[in-house]
There are 2 protein chains.
Amino acid sequence: MIERLCLIGVGLIGGSLALALRQKGLVREVVGVDPHRANLETARQLGIIDRFYADPVDAVKGADWVVMATPVGAIPAIFSSLKPGWRNDVVYTDTGSTKADVVDAARWVFGEVPGNFVPGHPIAGAESSGASAANGALFEHKRVILSPLAETRPDMVEQVEMLWRSVGGRVSRMDYRHHDEVFAATSHLPHVLAFVLTEMLGRKDEQQEIFQYAAGGFRDFTRIASSDPRMWLDICLANRQEIVPLIEEYREALGQTAEIIARGDADKLLALFTEARAARQRFLDQLEK
Amino acid sequence: MIERLCLIGVGLIGGSLALALRQKGLVREVVGVDPHRANLETARQLGIIDRFYADPVDAVKGADWVVMATPVGAIPAIFSSLKPGWRNDVVYTDTGSTKADVVDAARWVFGEVPGNFVPGHPIAGAESSGASAANGALFEHKRVILSPLAETRPDMVEQVEMLWRSVGGRVSRMDYRHHDEVFAATSHLPHVLAFVLTEMLGRKDEQQEIFQYAAGGFRDFTRIASSDPRMWLDICLANRQEIVPLIEEYREALGQTAEIIARGDADKLLALFTEARAARQRFLDQLEK
């Protein structure tokens, strides 16, 4: 049972976690802090939080759990403001989509990563955002990655693992560098591709009205381009070391494909498309497990 | 009322059209021809066709409607085999995803495009294919593009338009060159991007097992990479004049974005993502109309 959960960032992820814990009777009180006052009002109206604060320093007072669920760019400043009042008997964790930058920020602020901070990432994004999008069932059957370090206290990792399991998550542990490598490929790169395509076609649409002939395939392909721009700005900057080389690798593969199409090499193109379809089937088979 | 519809190519599109016409009592008899014998057996078992033929020349005999619903690469050979028995009182149309190559093939085979051939394209693709995927409701509220030429007989265009309206389609007319330009952007380019990404990540997955951490965003983004490889081979080769320059334009935009990320230009990146989200919202607003 959590006595008082402090949510720093009351958006889709933090709000959904609070709702899920409340629905299961696992938290007595939830307090929130967020830069957007209207969002906090909404969160209170929706019963996500009991009350809110303007400053994280006030918000964490008396809390036994602190969950940082902001865009990752905000994390270093949050660590700095929490440092003076950091308590060893509190469980601290985050939900950031990148992990190396969060670990680096902790090292920078605290000298070493505090043993009671557990880096985490629930894989439960959506193109909707804000407290109004929160949903207590969001984490059911979703993967949650925890990236404890050698210095992270095992009892803290276990508590955070139990937290996510209690709201339906399937928890695995992964080195934070490997986390960023894997998600650069399966999440960050696809988001960049979708943003770039949608922006480019948006400019064409202004001249030629092409969108009125786009259909379901385009809707699904570009769904992730409706994601929160600020959140994705932070992710791209935080994980640029992984993302930029992957974009270049993709541009190279795409250039080769353009050459294959231009010279009409049917065998190679058919092999590529067939291999792509088989790879996606492998992904789908794993998703259903 | 159609007396005898001849389907050349009994897949998702042709099969769904036949089912829809049957369900509405608008066709007395459907005959089919297809290179895959097992697919024809399936189509007969599912009540899509009454009987089938090995050769288009036999299949079209006695038909008052001929619908060519094959991958576009097969169309020139079909025109050649139909030419000797071409009849002026029959309505001929196609469902190909590209139109310039179909018009060119007709010119090549017949000298000029026959007045009773109406180039068409129902926008109702799916990643499933074959007669077993056919569904009588497929065309409800879906757009159908017709690309008649100056020499196409107006009575023929009207009949084909009525056909598609009768199965729920929303018919518009578009110059065949403009059709290929628009669909290169909203359909062909996204398919190529999805195929290339999925193939590239499939190779990484063999070494690093990244797919097990991919989630709903990735599933939707790559859905179109499960499309029929042979159909997309034909489309890419048929419309390569439009597709290859678009791929290059996209690679250029992507390279600029990689540079923006690499140098950490937050303002430019946020503007790009914000513009992309706004563009997608414009698309969604139109889709719902």
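User: Buried here means under 20% relative accessible area. In this predicted model, is Phe79(B) buried or exposed?
Analyst: The cut-off for buried is under 20% relative accessible area. Phe79(B) has a relative accessible area of 0%, so this residue is buried.

User: Which residues of helix 4 of chain B are buried, and where do they lie on the helix?
Analyst: Helix 4 of chain B spans residues 75–82, and its buried residues are Ile75(B), Ile78(B), Phe79(B) and Leu82(B). Viewed down the axis of helix 4 of chain B, the buried residues fall within an arc of 100°, so they line one face of the helix.

User: What is the geometry of the ring pair Phe139(A) and Trp164(A), and how many residues apart in sequence are the parts it ties together?
Analyst: The pair is edge-to-face, at 5.0 Å centre to centre with 75° between the planes. Phe139(A) is in the loop between strand 7 (120–122) and strand 8 (143–146) of chain A, while Trp164(A) is in helix 6 (residues 154–166) of chain A, so the pair ties together parts that lie 25 residues apart in sequence.

User: What relation do chain A and chain B have?
Analyst: Chain A superposes on chain B by a rotation of 180° with 0.0 Å of shift along its axis, at RMSD 0.0 Å. That is the relation of a two-fold axis.

User: Which residue of chain A comes closest to the rotation axis?
Analyst: The distance is taken at the C-alpha, and it is 2.1 Å. The residue of chain A that comes closest to the rotation axis is Phe221(A).

Key. Residues numbered from 1 in each chain as written. Chains lettered and ligands numbered in written order. Predicted model: local features only at pLDDT ≥ 70, side-chain atom pairs only at ≥ 80, totals over all residues. Heavy atoms only, no water. Buried < 20%, exposed > 50% of the residue type's maximum accessible area, 1.4 Å probe, protein only. Helix = DSSP H or I, 4+ residues; strand = E, 2+ residues; numbered from the N terminus. Arc of directions from axis to C-beta. Least-squares fit on C-alpha atoms with pLDDT ≥ 70 in both. Phe/Tyr/Trp six-rings, centres within 6.5 Å; stacked < 30°, edge-to-face > 60°.
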